Amino acid sequence: MIEPFLGTWKLVSIENFDEYMKELGVSVAVQNLAESAKPRIIISADGDKVTIRTESSFKNSEISFKLGEEFDETTIDNRKVKEYIMNNVVSTGVYEKV
């Protein structure tokens with residue numbers, strides 16, 4: 001099920017990211033840095049544990065979780081979250097496999 005997503009991905013385009021970050025309460029300075037970053041995403045799996053590593057010129061991060069289970073995550077600006085739906089504001093990123 002996860003196999004098609006495994007590997008390294010690069011950001012091609014992103015829509016509505018600035019509105020999404022504003023809704024999250026991200027500072028203007030961090031918004032400017034984040035908007036200029038072109039992250040690379042590395043997705044790997046070990047059994048039922050999935051790891052997603054994000055690498056960019058702004059900051060690197062890594063999360064691990066089990067599919068189908070809720071998990072806590074720390075955002076790039078160090079906030080603790082469980083989900084990213086913010087008052088129906090959605091940001092969509094398009095990635096291509098490297």
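## Salt bridges, helices and cores

Tutor: Arg40 and Glu55 form a salt bridge through their side chains, with N and O 2.5 Å apart. Arg40 belongs to strand E2 and Glu55 to strand E3 (residues 49-55), so this pair ties together parts 15 residues apart in sequence. Bear in mind throughout that this is a predicted model.

Student: Are Arg40 and Glu55 buried, exposed or partly exposed?

Tutor: Arg40 has a relative accessibility of 38%, so it counts as partly exposed. Glu55 is partly exposed too, because its relative accessible area is 22% and the cut-off for buried is under 20%.

Student: Which other residue meets Glu55 in a salt bridge?

Tutor: The side chain of Arg53 meets that of Glu55, at 3.0 Å from N to O. Arg53 is partly exposed, with a relative accessible area of 28%. Salt bridges link Arg40, Arg53, Glu55 and Glu62 in a network. Over the whole structure, a search finds five salt bridges.

Student: How should I read a salt bridge within a helix?

Tutor: Start from the helical repeat. An α-helix has 3.6 residues a turn, so residues three or four places apart point the same way. Here, Lys22 forms a salt bridge with Glu19, and their closest N and O atoms are 3.5 Å apart. Lys22 and Glu19 are three residues apart in helix H1, so about one helical turn separates them. Lys22 is partly exposed at 48% relative accessible area, and Glu19 is partly exposed at 37%.

Student: Which residues of helix H1 are buried?

Tutor: In H1 (residues 17-24), the buried residues are Tyr20, Met21 and Leu24. They lie on the same side of H1, because the arc they cover around the axis is only 95 degrees. What they pack against is helix H2 (28-36). After H1 comes Gly25, with a positive phi near 85 degrees.

Student: What is the general idea behind a nonpolar core?

Tutor: In soluble globular proteins, nonpolar side chains tend to be buried together. In this model, the largest nonpolar core has seven residues: Ile2, Trp9, Ile41, Ile43, Val50, Ile63 and Phe65. E2 and strand E4 (61-66) are the elements that give two or more residues to this core. Apart from this core lies another, of five residues, including Met21, Leu24, Val26 and Ala34.

Student: What does Ile2 touch, leaving out residues up to four places away in sequence?

Tutor: Ile2 touches Ala45, Val50 and Leu67 on that count.

Student: How many helices and strands does the chain have, and in what order do they run?

Tutor: The protein chain has two helices and seven strands. Read from the N terminus, the order is β-α-α-β-β-β-β-β-β. For contacts with a separation of 6 or more, residues 24 or more positions apart account for 50%.

Student: And how do I read burial and surface for the chain as a whole?

Tutor: Of the 98 residues in the protein chain, 23% are buried. The chain exposes about 6,800 Å², and carbon and sulfur atoms supply 53% of that area.

How values were computed. Residues are numbered from 1 along each chain as its sequence is written. This is a predicted model: local features need pLDDT of at least 70, side-chain atom pairs count only at pLDDT 80 or more; totals for chains, interfaces and linings use all residues. Side-chain values use heavy atoms; hydrogens and water are left out. A nonpolar core is a set of buried Ala, Val, Leu, Ile, Met, Phe, Trp, Tyr and Cys residues joined through side-chain atoms within 4.5 Å. Buried means under 20% relative accessible area, exposed over 50%, partly exposed in between (1.4 Å probe, protein chains only). Helices (H or I, at least four residues) and strands (E, at least two) are DSSP runs, numbered from the N terminus. Contact means heavy atoms within 4.5 Å. The arc is that of the directions from the helix axis to the C-beta atoms. Accessible areas come from the Shrake-Rupley method with a 1.4 Å probe; for residues, only the protein chains shown count as cover. A salt bridge is a side-chain nitrogen of Lys or Arg within 4 Å of a carboxyl oxygen of Asp or Glu.
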